[in-house]
There are 2 protein chains.
Amino acid sequence: MIECTLTVELAERSYPIHIGTNGLDQLANLLKDVFKSKQAVVVTNETVAPLYLDAVKQQLHQLSIQVIEVVLPDGEQYKTGQYLDQIYSVMLVNKCDRKTTLVALGGGVIGDMTGYAAATYMRGVSFVQIPTTLLSQVDSSVGGKTGINHPLGKNMIGAFYQPKAVVADMNVFDTLPDRELSAGLAEVIKYGLIDDIAFLEWLEANIDALMSRDKEKLGEAVAWSCRNKARIVAEDETESGVRALLNLGHTFGHAIEAGMGYGVWLHGEGVAAGMVLAAKTSAALGYISEADVARVISILAKANLPVEHPKLGLERYLELMSVDKKNEAGKIRFILMKSLGQSFITADVPVAVLEQVLS
Amino acid sequence: MIECTLTVELAERSYPIHIGTNGLDQLANLLKDVFKSKQAVVVTNETVAPLYLDAVKQQLHQLSIQVIEVVLPDGEQYKTGQYLDQIYSVMLVNKCDRKTTLVALGGGVIGDMTGYAAATYMRGVSFVQIPTTLLSQVDSSVGGKTGINHPLGKNMIGAFYQPKAVVADMNVFDTLPDRELSAGLAEVIKYGLIDDIAFLEWLEANIDALMSRDKEKLGEAVAWSCRNKARIVAEDETESGVRALLNLGHTFGHAIEAGMGYGVWLHGEGVAAGMVLAAKTSAALGYISEADVARVISILAKANLPVEHPKLGLERYLELMSVDKKNEAGKIRFILMKSLGQSFITADVPVAVLEQVLS
Ligand SMILES: NC(=O)c1ccc[n+]([C@@H]2O[C@H](COP(=O)([O-])OP(=O)(O)OC[C@H]3O[C@@H](n4cnc5c(N)ncnc54)[C@H](O)[C@@H]3O)[C@@H](O)[C@H]2O)c1
Ligand SMILES: NC(=O)c1ccc[n+]([C@@H]2O[C@H](COP(=O)([O-])OP(=O)(O)OC[C@H]3O[C@@H](n4cnc5c(N)ncnc54)[C@H](O)[C@@H]3O)[C@@H](O)[C@H]2O)c1
Ligand SMILES: [Zn+2]
Ligand SMILES: [Zn+2]
């Protein structure tokens, strides 16, 4: 069984990611040096709480830590200022101070909100991530992006803030719905497409094992993904350059998510269809071949992901993409593929090409 | 006339503070290298807008900058998530991106909120401070503390985030109400009491000139104060050690502000009465003499500041002070005076002493 610890190298903000099949059982041991006081606030949701909250509490009690719980409703639509405020209120009522540690137990929604609460409660307290979806293990728990949605735009409010540790346990996938597993695989495949053809080939060879939840293979895929993301993040902690590549498929993907109404398409599903659009745009501009596009579509389809985008119309896509955080001076910026496994950022995509690809 | 530029030394986050009597007239010149795009959002309030907004806009237009205005209602009670959200909404509606610069034009309320909006909008955009109260020039514009109030506690939500530049113009004091000038002087006097007996003596010699708004002397006091605060902040950017000394008078002061209801006592007034309480506590513990306490009271009284705390009762004070951000493991931490002009932090104040001092 895979059991490994990666370090995300960010000078004094470096932190470990523990990947394996006994993270939850070993939590007390893995986190024993993280807590600065005997008080922790575990933030989770109504779906995850009955599954894993007791296990986490039991481990923290072994460290004599007083556990305060915040159980939020489940869903992207609750990643808002209002529910963030609920976390703050529980913390204030319980007189949490700057030594209190926040623990995010859940998927990316819980991770992003908890991280943002940690970044902003009393101008910053420590936090730990226990990501329980594949997507959150390979993506949101690496890189320090935290935040909430605004009625006028997704993830518009946030902070760069690093956790003290991440515990990624493959056993949590036992209860993960199929659709969520697939959504996570979209981000995994993304790492191959960004700059790692070897990983893409490994994924093509192992996609069936991953889909049948082989924990060994899942652990490898998580470790490989985290390593790739950590490398890119370490080069560019605050997203001024190369880090933008991590948004492959996301310019279109976010537009799909927002355009369909948050919660209708999963984030990873939007990213999958978005990567197909990025591939098609790259082909239309002459960078990659139709065979390359077919290869992108094929692996995503084997992961049971949508490879057709919803037909929202060019105008609506442009409008939705115009609020993307990558944009500069009003120009929409895209991540495209120079070749398979080699992506780049550009603002030079003629509207006619977008029209053709989106039609 | 005094015209000087201090630098707050924080490595790649270092920034200049321009102090003088023509900052507003010279804004375009002083800020010409700050803006990353041609879009700026000026946040101000209904009191300050009619006084200085046109001057600021005129200067920014000289730099061909498109100015978006956010004019908030005036008052500490609007330093909340709701009004923060108004800033976010205006920015989103105007498609502000990561290169947009926020400009805070006003006192500490506007400065704190605008800085926090800058820290969290799209995970961080640039901002500039044009502080228009004495308090905000000598205190809130140095050090990078930004934030908002929560219904359960003042300044509980926030971030450490540095401006790109600060412009402190003595001419804005022409319109500042007497009570606000005095409140600012409380923080000025604080810098003498923390660790600068020479400054305290200078203040004792010049308090009348300051009260009659001598701009030369005010400029000197602002520069001296900013220099002292910048030195302490540079030593300890995120408030883990020596920076706590800046909270002299604030443990009690915040309790007074909250206990009386925000807006009844001004921040600086609470700090003034709080510094008297800190001095009395220090005397009760044998650190300073009754003569020293009298000297603290005398200069504050000459600045027309309250030197008597409201009689809220020991219980209420303890309750209010128990949510202070300096606290650790539930212990209230105080800044006391070892001698005049030499303060220190301690959690060892017997309740009996507090009872005596607060009665
Ligand atoms: N911070 C970042 O860098 C980053 C990166 C990617 C995505 N995100 C954010 O992450 C969010 C999406 O994350 P997500 O896909 O994890 O969604 P999610 O957090 O909504 O989780 C998906 C669903 O799975 C449930 N669930 C979680 N773990 C489970 C388990 N072990 N067993 C059964 N059910 C489980 C959740 O309750 C939820 O219903 C979005 O808000 C997105 O913006 C952030
Ligand atoms: N960030 C920090 O480090 C820090 C430090 C100290 C205080 N603060 C915060 O600052 C706030 C207090 O700041 P403040 O004392 O400047 O209060 P303020 O911003 O409320 O301003 C005081 C009053 O003066 C008015 N005003 C401002 N400039 C004026 C001018 N030139 N002419 C006429 N009227 C003018 C304002 O409209 C307001 O009515 C508090 O919220 C406090 O928490 C922050
Ligand atoms: Zn993603
Ligand atoms: Zn103060």
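I started at ligand 2, where one of its nitrogen atoms sits 3.0 Å from a polar backbone atom of B:Val172. I count a polar contact as a pair of N or O atoms within 3.5 Å. This is a predicted model, so I kept to its limits: local features need pLDDT of at least 70, side-chain atom pairs need pLDDT 80 or more, and totals for chains, interfaces and linings use all residues. Residues are numbered from 1 along each chain as its sequence is written, chains are lettered from A and ligands numbered from 1 in the order written, and side-chain values use heavy atoms, without hydrogens or water.

Next, side chains. I found a nitrogen atom of ligand 2 at 2.9 Å from an N or O atom of the B:Asp112 side chain. An oxygen atom of ligand 2 is 2.7 Å from an N or O atom in the side chain of B:Lys79.

How much of ligand 2 does the protein cover? I got 91% of the 850 Å² of accessible area that ligand 2 has on its own (Shrake-Rupley method, 1.4 Å probe).

Then I moved to the zinc ion (ligand 3). A:Glu187 (OE), A:His250 (NE2) and A:His267 (NE2) coordinate it at 2.0 to 2.1 Å. For donors I took N, O and S atoms within 2.8 Å of the metal (3.2 Å for Na, K and Ca); water is not among the atoms, so sites may look incomplete.

Last, I checked A:Glu187: it is buried, at 0% relative accessible area (buried is under 20%, exposed over 50%, partly exposed in between; 1.4 Å probe, protein chains only).

Definitions and conventions: Polar contact = N/O pair within 3.5 Å; in protein donor to acceptor, adjacent residues only side chain to side chain.
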